[in-house]
Amino acid sequence: MDTYPITEARNKLGALARQVSAEQKHVALTDRGQTMAVLISPAELEELEYHRVNAEYLARKARGGSGPVVSHDEARRRVLGEAS
């Protein structure tokens with residue numbers, strides 16, 4: 001993972017965003033040596049969100065929970081707190 005101070009990344013943000021998207025790389029942004037944020041591609045974010053929703057479902061199912069059957073998109077909205 002490449003790491004850039006926020007002040008340096010500000011000047012390279014467009015190039016860094018294109019690199020992250022095209023190469024599926026991560027870029028850490030730091031402030032005074034502390035990682036403050038990490039840039040990831042939209043595709044990777046979507047995959048992570050999918051696995052998070054699935055993990056929530058499996059945990060609920062393991063606890064014996066049940067509920068109404070909903071579409072994947074609706075489940076994702078509910079778990080992530082997104083607007084309908």
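What share of the contacts in the chain with a separation of 6 or more is accounted for by residues 24 or more positions apart? Those residues account for 33% of such contacts. Keep in mind throughout that this is a predicted model.

**Stop 1: the whole chain**

Select everything and trace the chain from the N terminus: its elements run β-α-β-β-α-α. That gives three helices and three strands. The radius of gyration is 17 Å, well over the 12 Å that the globule rule gives for 84 residues, so the chain is more spread out than a compact globule. Turn the model around, and you will find that the C-alpha trace spans about 50 × 25 × 25 Å along its principal axes.

Of the 84 residues, 17% count as buried.

**Stop 2: color by confidence**

Color the chain by pLDDT. The average is 88, and 94% of the residues score at least 70. Confidence is highest in β2, at a mean of 97, and lowest in helix α3 (residues 72-80), at 82.

**Stop 3: the largest nonpolar core**

Next, select Y4, A9, L16, V20, V27 and L29 and show their side chains: these six residues form the largest nonpolar core. Helix α1 (6-23) and strand β2 each supply at least two residues of this core, and α1 gives the most, with three. In soluble globular proteins, nonpolar side chains tend to be buried together.

Stay here and click on L16. Leaving aside its neighbours within four places in sequence, L16 is in contact with Y4, A9, V27 and L39.

**Stop 4: T30**

Move on to strand β2 (residues 27-31), where you will find T30. Is T30 buried or exposed? T30 is buried, because its relative accessible area is 11%, below the cut-off of 20%. Beyond its neighbours within four places in sequence, T30 is in contact with T3, Y4, P5, I6, T35 and M36.

**Stop 5: A17**

Go back to helix α1 and pick A17. With a relative accessible area of 38%, A17 is partly exposed. To finish, draw a distance line from the C-alpha of A17 to that of D73: the two residues are 56 apart in sequence and 26 Å apart in space.

Note on methods. Residues numbered from 1 in each chain as written. Predicted model: local features only at pLDDT ≥ 70, side-chain atom pairs only at ≥ 80, totals over all residues. Heavy atoms only, no water. Helix = DSSP H or I, 4+ residues; strand = E, 2+ residues; numbered from the N terminus. Buried < 20%, exposed > 50% of the residue type's maximum accessible area, 1.4 Å probe, protein only. Contact = heavy atoms within 4.5 Å. Core = buried A, V, L, I, M, F, W, Y, C linked by side-chain atoms within 4.5 Å. pLDDT = per-residue confidence, 0-100. Rg over C-alpha atoms; globule rule 2.2 N^0.38 Å.
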